[in-house]
Amino acid sequence: MRRASAGCRACDLWERATQTVFGAGPVPARVMLVGEQPGDREDLEGEPFVGPAGTILGKALDEVGIDRETAFVTNVVKHFKWRPSGKRRLHERPNRTEVGACLPWLESELALVRPAALVLLGATATAALAGPDVSVTRDRGRPLSLPHAALVTATVHPSSILRAGERRDDAYAAFVRDLQSVARWLESNAA
Ligand code: URA
């Protein structure tokens with residue numbers, strides 16, 4: 001699957017991206033976390049969540065006792081969408097067509113990984129898998145009734161914590177609380 005996705009031309013994003021960034025982690029895995037799309041670092045390294053958002057995610061997982069190495073981590077969209085700003089490449093949100101074009105890869109990952117708990121990180125992942133009626137702000141941290149896993153839950157994207165300015169500590173604490181619910185669920189639903 002990873003090899004096939006490397007040549008994906010289902011939308012135009014491949015043209016400006018360095019490479020396809022497929023999910024990473026054990027298969028199967030009890031926990032799967034889904035972000036939006038690779039960022040600048042992920043695009044260069046070919047691995048999901050290895051940049052600043054990944055550092056926050058790893059720290060929060062560590063705090064709640066979920067070993068990141070045991071989780072499968074991926075994104076809805078597998079190519080970095082960006083626009084130039086001087087020498088920098090600025091993240092651009094993928095549109096519905098791009099998300100739709102990439103969705104078969106995520107569905108295949110889900111079918112192979114068969115997670116017990118699925119965590120949707122941010123609005124793009126939540127809209128892609130939970131639909132437009134679920135709001136991250138309103139529904140974060142609670143179980144969503146969806147068929148993808150025994151527990152499906154949404155929380156903020158870790159990069160929103162980096163952008164939270166003065167509210168950063170609170171935003172991080174709330175993120176940790178959401179992941180804590182996942183950790184508790186995993187404990188009480190041991191494999
Ligand atoms: N943001 C994401 O959504 N995914 C990554 O892999 C990195 C940053």
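Modeller: A polar contact here is a pair of N or O atoms within 3.5 Å, where within protein one must be able to donate a hydrogen and the other to accept it, and residues adjacent in sequence count only if both atoms are side-chain atoms. The model is predicted, so local features need pLDDT of at least 70 and side-chain atom pairs count only at pLDDT 80 or more, while totals for chains, interfaces and linings use all residues. Residues are numbered from 1 along each chain as its sequence is written, and side-chain values use heavy atoms, with hydrogens and water left out.

S5 sits in helix α1, residues 2-6 (helices are DSSP runs of H or I, at least four residues, and strands runs of E, at least two, numbered from the N terminus). A polar atom of the S5 side chain lies 2.9 Å from the backbone oxygen of R2. Once neighbours within four places in sequence are set aside, S5 is in contact (heavy atoms within 4.5 Å) with T20, F22 and W105. With a relative accessible area of 1%, S5 is buried (under 20%; exposed is over 50% and partly exposed in between, with a 1.4 Å probe and protein chains only).

Turning to strand β2, residues 71-75, five of its five residues are buried, so the strand is largely enclosed by the rest of the structure. A71, V73 and N75 point one way from β2, whereas F72 and T74 point the other way, and all are buried.
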